[in-house]
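Hello,

Here is the structure we talked about handing over. Please look through it first; my notes follow below.

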Amino acid sequence: MYQYTEFDRQFVRTRAAQYRDQLERFLSGQLDADAFKPLRLQNGWYIQRHAPMLRVAVPYGELSAAQVRVLARIAREYDQPSHEVFQGAVAAQNRLGDIQLRDGRAIGSRLPTGYAHFTTRQNVQYNWIPLDKSADVMELLASVGMHGIQTSGNCIRNITSDELAGIAVDEVADPRPFAEILRQWSTLHPEFAFLPRKFKVAITGAREDRAAIGWHDVGLQLVRNEGGQFANGAEGALGFKVLVGGGMGRTPVIGTTIREFLPCDQILNYLEAVVRVYNRWGRRDNAYKARIKILVKAEGQRYIDEVEEEYRQILEVDGAPHTITAAEFERVSASFVPPALNCDRKTADAKIAQILRAAAEDDIEFGRWLQRNVAPHKNPDLRAVTLSFKRLGQAPGDATADQLDAVAELAERFSAGEVRVTHSQNLVLPWVRCDQLPELWREARRLGLARPNIGLLTDMIACPGGDFCDLANARSITVAEAIHQRYQDLDELHDLGEIDLHISGCMNSCGHHHSGHIGILGVDKDGREWYQVTLGGSDGSALSGPAGPGKVVGPSFSSSEVPEAVEAILETYRVLRNPNEPFIETLRRVGAEPFKQAAHQVRHDLERRAEAVAEHAHQA
Amino acid sequence: MKLIAANAEPTATKGQNVLELANDADPRQVSLAGIERIELQFPKFTDGRAFSQAFLLRRRLGFNGDIRATGDVLVDQLPQMARSGFSSAVLRADQDLAVAERQLARYPAYYQGDAVQAKPHFQKAA
């Protein structure tokens, strides 16, 4: 992990002090709500449906055990609403009613307190911290080099990366030194704090895109250039393939490649051009059209030409002031030298074989865990292990204070004191010795964090939705819970195989519904909760194919129909699949029609069902 | 950075050559010959276009005169104005000069190069 210098530490402390000054002026009435809003947002503080929400920055997802313990303490001591706030929230959520399941059960809002939540952008959120304690929390975070800088607002947001950065077997180069240099460059950038809209950057150094770079305002992929050929992985000069103008929201767009190869030391100079041109020309008259994707789509080559001209002037007139020097690259890279770990693989194999020979139940469960939750590592003696935070009774990506404390201990015992937040709302232990896998499995299972469902249906992504978020049209967590309850059987889950199920409570797409193989989007109709279902989206991975949004399955479904629609879609897959064919491939091979027809059949209202089928026949 | 209260006497000395630039104008398209002061507009403090204009004027075009922030100028944006190349600012009427000075004095240094300190922190630290 990046080791903070005294400069970095002082910077974060100064930021916390600055925030306290701003908060106190707001609470005393000296600073009005409009002027305070972007200041608190750029420190991660939203005002949500029931209470403030804090988004803590986790740069490119990396956390130390000490940081996880502070996150646990914040959950325990500060993620606690007053009695009045909580009672008001309960009353508001009760008015939304329950999802009625076919078997007679009903699922309503739970509103847990004392939790932290992992987001798709590798950050950590809290839902209940009172605003008058917000400055105390920022100081506590600063004590371990943490903050909420630019986790919201119309600025360059916290940078995300591959959860396996620096350890992936398919890596061209470690993106973390660049991610850290980009973090420093973007932090309190004077010129780019009030852009037309938010600006998200993702960076990967691997061939398999685990960072969904095509879906970002800027997506960066490390490549090597050999003799003018773009041969990924071959020895040669290191550079970036630069994508600009991807994004989800109301208008899903995949980023345009505006540079096939940019020398890696020029990335800051180049991004300054990318953002400056956007700051000038991005629309400010309509928030829905203000993202850079709209500008790139509208202007196309003209945007690219202007960026290239601006870049040329930054190099030639300004003197390329942000060129990354070899000394700085080495200084930052030194923080990312792998910990010295290795193990006796013979002992490891023996231990694993012993467990596989033991009780039949252990055999199956441990085997499944090895298959789903344990990933190969650049160092053949090590493995990357995913702790599953997708379990019944907890919202996807939620963790209690006790679970976080336990994770800190696991990180220290098994992973060189490091843990990472993943894009799919789990945690990864990146440095696990293979001879310690059996012990880690036992500990993780004891803690309820060893569910072998990584990449499977119940490893679903969901935003906080209408349980907490002020923007949501409908709840996400209740839908996630309903589907999770239906798919408890591990045999069935493993039989269904790899499926990306993504749930967003509104068009802002924090639950990435566009990129789900099955996407669910909350829509508001007549003040009730409705859900649009999409099929065939992709985040851009090898499993899912090129990045792209899914296609809508007819009119929206009621909350009770959604779990049944998902079930109907999966039943159709089971009938139509070839042996060993994943869901997304069957969907592509046979097309969406049979899946849509099956989903229409679950509509409770017969008139609406007939309409959907008729409309469908018309379109076909 | 020179701070000017909204109700202060107009500071333009007679005959001073002042250019007012709307925030959608390209500063590279205007003639700066003989200009002593350029006023850049913040129609709303959340509209950040003038930061880029100031940067281009100060760094790219080498303008040495006064660059003044006008309009919805609030104390909490002053540090970034100063770093983008503004040398004076007319504060919105309700803003407090003492609070403004406190914000300007807060950070001893920043990470990235800007219009005033062209080199990024890592080059200065090296």
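Thr386(A) stands opposite Val428(A), a residue of E17(A). Strands here are DSSP runs of E with at least two residues, helices are runs of H or I with at least four, and both are numbered from the N terminus. This is a predicted model, so local features need pLDDT of at least 70, side-chain atom pairs count only at pLDDT 80 or more, and totals for chains, interfaces and linings use all residues. Residues are numbered from 1 along each chain as its sequence is written, while chains are lettered from A and ligands numbered from 1 in the order in which they are written.

E14(A) covers residues 382–387. It joins E17(A), residues 427–433, through 5 bridges, and the two run antiparallel. Two strands count as paired if DSSP finds at least two bridges between them. On E13(A), residues 374–375, there are 2 bridges to E14(A), again antiparallel. Ala375(A) faces Ala384(A) there. E13(A) and E14(A) make a hairpin, with 6 residues between them.

Is E14(A) buried or exposed? Buried: 6 of its 6 residues are. The cut-offs count other C-beta atoms, placed from the backbone, within 10 Å of the residue's own: 20 or more is buried, 12 or fewer is exposed, and in between is partly exposed. Leu382(A), Ala384(A) and Thr386(A) lie on one side, with Arg383(A), Val385(A) and Leu387(A) on the other.

The largest nonpolar core has 174 residues. Such a core is a set of buried Ala, Val, Leu, Ile, Met, Phe, Trp, Tyr and Cys residues joined through C-beta atoms within 7 Å. Val407(A) and Leu429(A) touch the most other members. H7(A) gives the largest share, 8 residues. Another core, of 25 residues, lies apart from it and includes Phe51(B) and Leu56(B).

Leaving aside neighbours within four places in sequence, Val407(A) is in contact (C-beta atoms, placed from the backbone, within 7 Å) with Val68(A), Leu387(A), Val419(A) and Leu427(A). Val407(A) is one of the buried residues of H13(A), among them also Leu404(A), Leu410(A) and Phe414(A). H13(A), residues 401–414, has 14 residues and reaches 20 Å from first C-alpha to last. That is close to the 20 Å expected at 1.5 Å a residue, the span being 1.5 Å times one less than the number of residues. Just after H13(A), Ala416(A) has a positive phi of about 50°.

**The five-stranded sheet**

An open sheet of 5 strands runs in the order E8-E9-E10-E11-E12 (chain A), with mixed pairing. E8(A), 160–161, and E12(A), 256–263, are the edge strands. H7(A), residues 267–281, packs on this sheet and touches E10(A), E11(A) and E12(A). Its direction makes about 15° with that of E11(A). Axes are lines fitted to C-alpha atoms, for helices over the stretch in contact, and angles run from 0 to 180 degrees between N-to-C directions.

**Chain B**

The contact between the chains takes 28 residues from chain B and 29 residues from chain A. H1(B) gives the most to the chain B side, with 6 residues.

Ala82(B) sits in H2(B). Why does Ala82(B) count as buried? Because it has 21 C-beta neighbours inside 10 Å. Ala82(B) touches Met1(B), Leu104(B) and Val116(B), not counting residues up to four places away in sequence.

Best wishes

Notes: Contact = placed C-beta atoms within 7 Å.
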